[in-house]
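Let's walk through this model together, pocket by pocket and turn by turn. Keep the viewer open as you read.

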Amino acid sequence: MPLRLHAPVVLPCDPSCTVLRDAVVDVVDGRVAHVGAAADAPEFAGEVRELGGILLPGLVNAHAHSPMVVLRGLGGDLPLLRWLREAMWPAEARMTPSDIGAGMLLGAVEMLRNGVTTSAEMYFHGPQLVDAVLRAGSRVLFGAAIMDLPGMPWRPMTDEVSRWIDADGLRFGPHERVELSYGPHSAYLLSPDALAAVAGEARERGALLQVHVAESPEEDRAQRASHGSVPRLLAEAGVLGGRVLSAHSVHLSAEDVALYAEHRVGVAHCPGSNTKLASGIAPLRAYLDAGVPVGLGTDGPASNDDLDLFEEARLAALLARVTSMDATALRAADALLLATRGGAAALGRDDLGALEVGRWGDVVHVDVDDPAFATGLDAPDDQVLANLVWASGTRRVKDVWVAGEQVVADGETTRVDRRAAQAGVAAVSRRLRG
């Protein structure tokens, strides 16, 4: 049924981060059909919901490994490479497809309750992961993780996702909730030839390629020694064409940033994970100034340790300010756009991340009955945005719609019993520990 949402404040997340007062959002056939002042709205035949508070587009998590909720807290005080080798990889080797489904289900529930309607996931056992997302009612860009390790050759993993795309298409599911992509892990787990081959498969199908780049100073020393930098390696191998998402991208030079801008490489900035693992601080302001598309990612919930994109937005802005010693380096509006429109752009998607006609009707309702909004919604635009980003965040997310379907009502998911999903993850975690 067509749906009209009417609220005191609507944030379409257009490039100027406009604040609309007393406005409506119409969703017809799953897509936004109208956004604007209620006084100028066209006649509407459908359900009308009168809401208090703020409406904004569903947040876009540009890089995650959400099934790792089953490993949350494991090895939490180790640096990146030790954390991977000593804690994560041995535990992940014991995970079954059903374990990954259980983890993704709770991850999707957690994200929806935090206002995140889309996540780009790099992980294993895609059918179980995708099924969990469809059960929850959210969206996913699934990047099949591709590595070249003993017992895990890269070519069969690549061929598997190619066959899946060829069979089911790049996007499928209700209102295109699923997009398939390629996830070559990194330049230190794949050779340049392998990376080039995977990139060729992705370009042939118009698919996104998700890859970890320069996350920590230690991880790809050999690649930097032989090629000068990981971005240069990717460019020389012919990877930087088509749709490419560079996750983390912490340790890049000015020349690397220019290379990304030239090839329109998207960046998933993951400040929470990068600070927790002491990996470093990405040059966010340099990316934005160069015109590189940048979104925000939580990374995995075992390295962050949550799936809260509002928290990432705050942290990204704080780090940009303190590293530049400039309190104007990133405004509240800029941070909000990174979590919405920016994430969609980084993923090469122009149908997500904003309340604009033709985009999917993924909408978040933030309740303002909270001390964070005690100054009122009649405050100046900048103050309303500041209170949303700096003071409120996810805790006042009340309702969420994906393609016009309500998937969170009064703070709880409508399709999935949250407590049952938590119990499922607890059972998996106990078995993995045992």
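The lining of the largest pocket draws at least two residues from each of α1, α3 (126-136), β8 (139-146) and α4. Helices (H or I, at least four residues) and strands (E, at least two) are DSSP runs here, numbered from the N terminus. With 4 residues, α4 provides the largest share of that lining. The volume of the largest pocket is about 510 Å³, and of its 20 lining residues, Phe124, His125, Ala145, Met152 and Met157 are the closest to the centre. By class, the lining has 16 nonpolar, 2 polar and 2 charged residues. For those classes, Ala, Val, Leu, Ile, Met, Phe, Trp, Tyr, Cys and Pro count as nonpolar, Asp, Glu, Lys and Arg as charged, and the others, Gly among them, as polar.

Before going further, note that this is a predicted model: local features need pLDDT of at least 70 and side-chain atom pairs count only at pLDDT 80 or more, while totals for chains, interfaces and linings use all residues. Residues are numbered from 1 along each chain as its sequence is written, and side-chain values use heavy atoms, with hydrogens and water left out.

How is empty space found? Rolling a probe the size of a water molecule over the atoms shows where it is left. On a 1 Å grid over the protein atoms alone, a cavity is a set of points where a 1.4 Å probe fits but cannot get out, whereas a pocket is an open set with protein on both sides within 12 Å along at least five of seven lines; lining residues have an atom within 4 Å of a point. Grid points are joined across faces, edges and corners, and a volume is the space filled by probe spheres set on the points.

Staying with α4 for a moment, this helix spans residues 154-168 and contains Ser162. Is Ser162 buried or exposed? Ser162 is buried, because its relative accessible area is 4%, and the cut-offs are under 20% for buried, over 50% for exposed and partly exposed in between (1.4 Å probe, protein chains only). Leaving aside neighbours within four places in sequence, Ser162 is in contact (heavy atoms within 4.5 Å) with Tyr182, Glu201 and Arg205.

The structure holds 3 cavities of 30 Å³ or more, and the largest cavity has a volume of about 220 Å³. Of the 20 residues lining the largest cavity, His65, Met68, Leu84, His185 and His212 are the closest to its centre. Helix α1 (80-93) and strand β7 (116-123) each supply at least two lining residues, and α1 gives the most, with 5 residues. That lining divides into 12 nonpolar, 5 polar and 3 charged residues.

The second largest pocket holds about 220 Å³ of space. Its lining consists of 13 residues, with Leu288, Val292, Val294, Leu338 and Gly342 nearest the centre. The elements giving two or more residues to this lining are α10 and α12 (332-346), and α12 has the largest share, 5 residues. Val292 itself sits in the loop between α10 (284-290) and β14 (294-296). Val292 counts as buried because its relative accessibility is 3%. Apart from neighbours within four places in sequence, Val292 is in contact with Val257, Tyr260, Ala261, Val265, Val267 and Tyr287.

Of the 17 residues of α2, 14 are buried. After α2 comes Gly115, with a positive phi near 85°.

Finally, some backbone details. Strands β2 and β3 (residues 31-37) run antiparallel and are joined by 6 bridges, where pairing requires at least two DSSP bridges. Val27 stands opposite Val32 in β3. The two strands form a hairpin with 2 residues between them, and Asp29 in the turn has a positive phi of about 55°. Cys17, in the loop between β1 (3-10) and β2 (20-28), also has a positive phi, near 50°. The peptide bond from Asn304 to Asp305 is cis, with omega near 20°.
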